[in-house]
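Colleague: I would like to go through this model with you and settle several points about its packing and backbone. Could we begin once it is displayed?

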Amino acid sequence: MWQRFSLYDVRVIGHYLGMLVLFSALLMVVPFVTALVFQEWDPAYRYLYSIGIALVVGSLLRFFRIQPGKLNRQQALAVVGLAWIVLGLFCSIPLYNSGHYLTYLDALFDSVSGITTTGASLIVDLDHLSYADNMFRFMMHLLGGLGLIVVALSLGVFGKRAGATLYTSEGRSEHVVPNVIHTTTFIAKVTAWFVLIGTVSISVLMLLSGIEPVRAILQSFWVAISGFVTGGFSPMQQSIFYYHSFPIEALLMVLMLLGTVSFVIYSEVLRGRVREFFRDIETRTTVIWMVAMVVVFTASLATSTLFSDVPTLLRRGMFVLISAFTTTGFSVLTTNQLLTVVTSGAFLTLALVMAVGGWAGSTAGGIKIYRVGIIAKSFVSTIKEAVSPDSATVVVAYNHVGKRILSPSVVKEAMTIFIMFVITYVIGALVGIAHGHEATQAVYESVCMTSNGGMIVGIATPGMPVTLELFYILQMWAGRLEFITLLALIVQVVVSAIPRRRATNPGVVASNEEIQL
């Protein structure tokens with residue numbers, strides 16, 4: 001049985017999307033005020049009329065349904081699935097009119113990349129971008145890193161009745177506290193504190209390095225946001241390599257690692273349950289996984305001329321590896337160095353680390369360490385069952401915010417998402433190869449897009465083929481939604497578009513709510 005979208009469903013979905021569009025207008029107020037402060041009149045005008053467009057369209061969409069009500073699961077999946085693209089469309093308007101993009105599709109690519117915290121960018125002449133436009137890019141990161149629905153719920157955009165359904169539809173099944181609104185507020189507060197501490201610390205380092213105060217404070221704020229939400233946008237074309245500062249790189253490595261830790265774990269630690277952090281399956285899987293990857297990555301880089309000495313290996317190699325693991329996308333290497341100086345083994349190791357990604361319930365992307373740990377536990381369970389007597393009952397336990405028993409449903413969910421990521425990585429690579437690119441680079445770029453990693457190597461360039469660019473946008477969207485929400489949305493749209501079969505028996509009346517395939 002597959003459910004159709006009824007006209008009522010469409011009205012409800014339009015109503016809630018209208019709220020999000022109005023919320024995008026609120027988001028644009030930040031760069032608009034920034035433009036006024038720094039007397040950037042052209043950006044101020046662009047954001048003013050973009051706010052006007054969002055207000056008009058959002059208000060019209062809200063009239064689809066006047067009376068608010070509780071969302072069902074089907075409607076919530078549609079709202080969440082469409083939200084990332086709808087907001088991307090509106091956020092691309094002021095970006096495209098900045099004159100820093102060759103095509104509108106490039107601006108849409110960047111807005112989707114910003115909201116999904118991928119961090120890949122097709123902007124032209126980034127070093128001379130206005131303060132207002134830069135502020136907007138990092139506000140998109142902040143919004144997307146926390147989650148569109150999380151931010152909207154914490155600000156009360158949807159009210160109280162739709163909270164729980166929307167929260168779980170965004171792929172968030174774990175609550176920091178029992179109340180959804182309090183959970184989203186907690187996530188926002190933790191982020192604010194880390195961004196504030198990061199901004200102050202990096203500002204001091206930039207001021208000491210001779211950067212003028214205004215630029216130092218703003219760029220520190222921006223890279224602190226991008227680091228903690230594992231976004232990857234940078235205010236300078238050379239990314240973090242521009243600053244030539246090991247202390248700044250060290251602080252950003254700490255921020256990136258903090259950003260990849262689950263907010264649920266932060267809640268446990270703040271409650272005094274520090275042991276939960278060390279017992280957690282993600283902590284232990286991360287240690288094993290990263291030790292193995294560091295060994296492989298270091299051995300691969302040992303033969304490279306760029307990493308011939310230990311200090312350079314530790315500084316640049318570790319920064320790039322942590323950036324890949326957290327799916328941030330910051331880099332202290334140029335694209336040319338990634339392609340020519342870094343060995344093929346190290347190159348593929350970075351792709352593998354990005355493919356897995358960080359922790360579930362964090363701002364990181366990828367398959368997630370939690371799912372890798374669950375799959376590893378299922379292997380252990382299978383082996384135990386094979387060597388145990390027929391009468392024995394095999395029970396495999398693990399710690400994840402308390403002790404849990406490995407169940408078939410948990411393994412099924414982990415394997416499903418794992419397989420979907422792998423399939424998308426492969427299809428994206430084939431699409432890149434079909435457009436004439438070398439296989440290794442095509443695989444790497446596909447992983448960057450789907451895992452929301454963003455450390456691209458040059459296949460994604462301004463003015464790239466439209467078909468390739470659209471597919472990369474689809475990959476960023478699918479990776480951020482972790483497929484289930486997106487697939488459910490696609491199925492519902494397709495089923496709703498199929499004409500109903502007329503009943504051959506006059507006594508049989510087709511249901512208004514479902515269709516049987």
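This is a predicted model: local features need pLDDT of at least 70, side-chain atom pairs count only at pLDDT 80 or more; totals for chains, interfaces and linings use all residues.

Colleague: Are helix 3 and helix 4 parallel, perpendicular or oblique to each other?

Modeller: Two packed helices are described by the angle between their axes and the distance between them. Here the axes of helix 3 (residues 73–96) and helix 4 (residues 104–115) come within 8 Å and cross at roughly 125°. Angles of 65 to 115 degrees count as roughly perpendicular and those over 145 as roughly antiparallel. Helix 3 and helix 4 are therefore oblique.

Colleague: How many nonpolar, polar and charged residues make up the contact of helix 3 with helix 4?

Modeller: Helix 3 passes helix 4 in a right-handed crossing. The residues in contact include Trp84, Leu87, Gly88 and Leu95 of helix 3, and Tyr104, Leu108 and Val112 of helix 4. By class, the contact has no charged residues, three polar and 12 nonpolar.

Colleague: Which residues touch the most other members of the largest nonpolar core?

Modeller: In soluble globular proteins, nonpolar side chains tend to be buried together. The largest nonpolar core in this model has 129 residues, and its largest share, 13 residues, comes from helix 1 (residues 7–37). A second, separate core of 10 residues includes Ala360 and Tyr370. In the largest core, the residues that touch the most other members are Phe109, Leu252 and Tyr444.

Colleague: Which residues does leucine 252 touch, not counting those up to four places away in sequence?

Modeller: Leucine 252 is one of the residues that touch the most other members of the largest core. With residues up to four places away in sequence set aside, leucine 252 touches Ile202, Val223, Ile240, Phe319 and Phe330.

Colleague: Is glutamine 39 buried or exposed?

Modeller: Glutamine 39 is found in the loop between helix 1 and helix 2 (41–62), and its phi is near 55°, a positive value in a residue other than glycine. Exposed means over 50% relative accessible area. At 56% relative accessibility, glutamine 39 therefore counts as exposed.

Colleague: Is asparagine 452 buried or exposed?

Modeller: Asparagine 452 has a positive phi, near 60°, and is found in the loop between helix 19 (439–450) and helix 20 (466–481). Buried means under 20% relative accessible area. Because its relative accessible area is 2%, asparagine 452 is buried.

Terms used: Residues are numbered from 1 along each chain as its sequence is written. Side-chain values use heavy atoms; hydrogens and water are left out. Axes are lines fitted to C-alpha atoms, for helices over the stretch in contact, and angles run from 0 to 180 degrees between N-to-C directions. Helices (H or I, at least four residues) and strands (E, at least two) are DSSP runs, numbered from the N terminus. Angles under 35 degrees count as roughly parallel, over 145 as roughly antiparallel, 65 to 115 as roughly perpendicular and the rest as oblique. A crossing is left-handed if the near helix is turned anticlockwise from the far one by less than a right angle, and right-handed if clockwise. Contact means heavy atoms within 4.5 Å. Ala, Val, Leu, Ile, Met, Phe, Trp, Tyr, Cys and Pro count as nonpolar, Asp, Glu, Lys and Arg as charged, and the others, Gly among them, as polar. A nonpolar core is a set of buried Ala, Val, Leu, Ile, Met, Phe, Trp, Tyr and Cys residues joined through side-chain atoms within 4.5 Å. Buried means under 20% relative accessible area, exposed over 50%, partly exposed in between (1.4 Å probe, protein chains only).
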